[in-house]
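Student: I would like to learn how to read a few features of a protein model, taking each in turn. Could you give me the general idea and then the case at hand?

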Amino acid sequence: QVQLVESGGGLVQAGGSLRLSCAASGRTISSYAIAWLRQAPGQEREFVAAINWSGGTTRYEDSVKGRFTISRDNAKNAVYLQMKSLKPEDTAVYYCAVEVSTTRGRQYDYWGQGTQVTVSS
């Protein structure tokens, strides 16, 4: 069983930066793809970024391309999300999760509790 814990959220002004961390425990995540997703108030949860097991392949939602960078350190059993040039519309609770590819598409499992990111204008 994998437990994921997010941290690093906070309040930042527009244009600022934050670095989110996703720390895993229970077992190694070095063989898993990991994704960051977010949920703003009154909205559905949406995909933000994902990284494959080795860190060699990354994917981003269009609105964060060029501003967010996902990375991982398998030795530390952790995944990170560096966020720059933050906008008020990035305000949300950010979650990390294990990403699994199935015949029905990508699914997400072992969710963390989330970390709040608030961007003021």
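Student: How many salt bridges does a search of the whole structure find?

Tutor: Side chains of opposite charge can pair when their charged atoms come close. A salt bridge here is a side-chain nitrogen of Lys or Arg within 4 Å of a carboxyl oxygen of Asp or Glu, and the search finds six of them. Bear in mind that this is a predicted model, in which local features need pLDDT of at least 70 and side-chain atom pairs count only at pLDDT 80 or more, while totals for chains, interfaces and linings use all residues. Residues are numbered from 1 along each chain as its sequence is written, and side-chain values use heavy atoms, with hydrogens and water left out.

Student: Which side chains does R38 meet in a salt bridge?

Tutor: One partner is E46, at 2.6 Å from N to O, and another is D90, at 3.0 Å. R38 lies in strand β4 (residues 33–39) and D90 in the loop between β8 and β9, so this pair ties together parts that are 52 residues apart in sequence; strands (E, at least two residues), like helices (H or I, at least four), are DSSP runs numbered from the N terminus. R38 is buried at 5% relative accessibility, where buried means under 20% relative accessible area, exposed over 50% and partly exposed in between, with a 1.4 Å probe and protein chains only. D90 is buried as well, whereas E46 is partly exposed at 30%.

Student: Where do E99 and R59 lie?

Tutor: Their side chains meet in a salt bridge of 2.9 Å, N to O. E99 lies in strand β9 and R59 in strand β6 (residues 58–60), so the pair ties together parts that are 40 residues apart in sequence. E99 is buried at 9% relative accessibility, and R59 is partly exposed at 25%. As for networks, salt bridges that share partners join R38, E46, R67 and D90 into one.

Student: What does R72 reach with its side chain?

Tutor: R72, in strand β7, is buried yet has no salt bridge, and the nearest side chain of opposite charge, D73, is 8.2 Å away. The side chain of R72 reaches the backbone oxygen of I29 at 2.7 Å, and the backbone oxygen of N52 also lies 2.7 Å from a polar atom of that side chain.

Student: Which cysteines form a disulfide?

Tutor: A disulfide is a covalent bond between the sulfur atoms of two cysteines; the criterion is a pair of cysteine sulfur atoms within 2.5 Å. The structure holds one, formed by C22 and C96 with their sulfur atoms 2.1 Å apart. C22 lies in strand β3 and C96 in strand β9 (residues 92–102), so the pair ties together parts that are 74 residues apart in sequence. C22 is buried, with a relative accessible area of 0%, and C96 likewise counts as buried at 0%.

Student: In what order do the four strands form an open sheet?

Tutor: Strands of a sheet pair through backbone hydrogen bonds, either parallel or antiparallel. Here the order is β1-β3-β8-β7, with antiparallel pairing, and two strands count as paired if DSSP finds at least two bridges between them. β1 (3–7) and β7 stand at the edges with a single partner strand each, so one side of each is left without a neighbour in the sheet. Six bridges join β3 (residues 18–25) to β8, and L20 stands opposite L81 in β8.

How values were computed
Lys, Arg positive; Asp, Glu negative; His and termini not counted. Polar contact = N/O pair within 3.5 Å; in protein donor to acceptor, adjacent residues only side chain to side chain.
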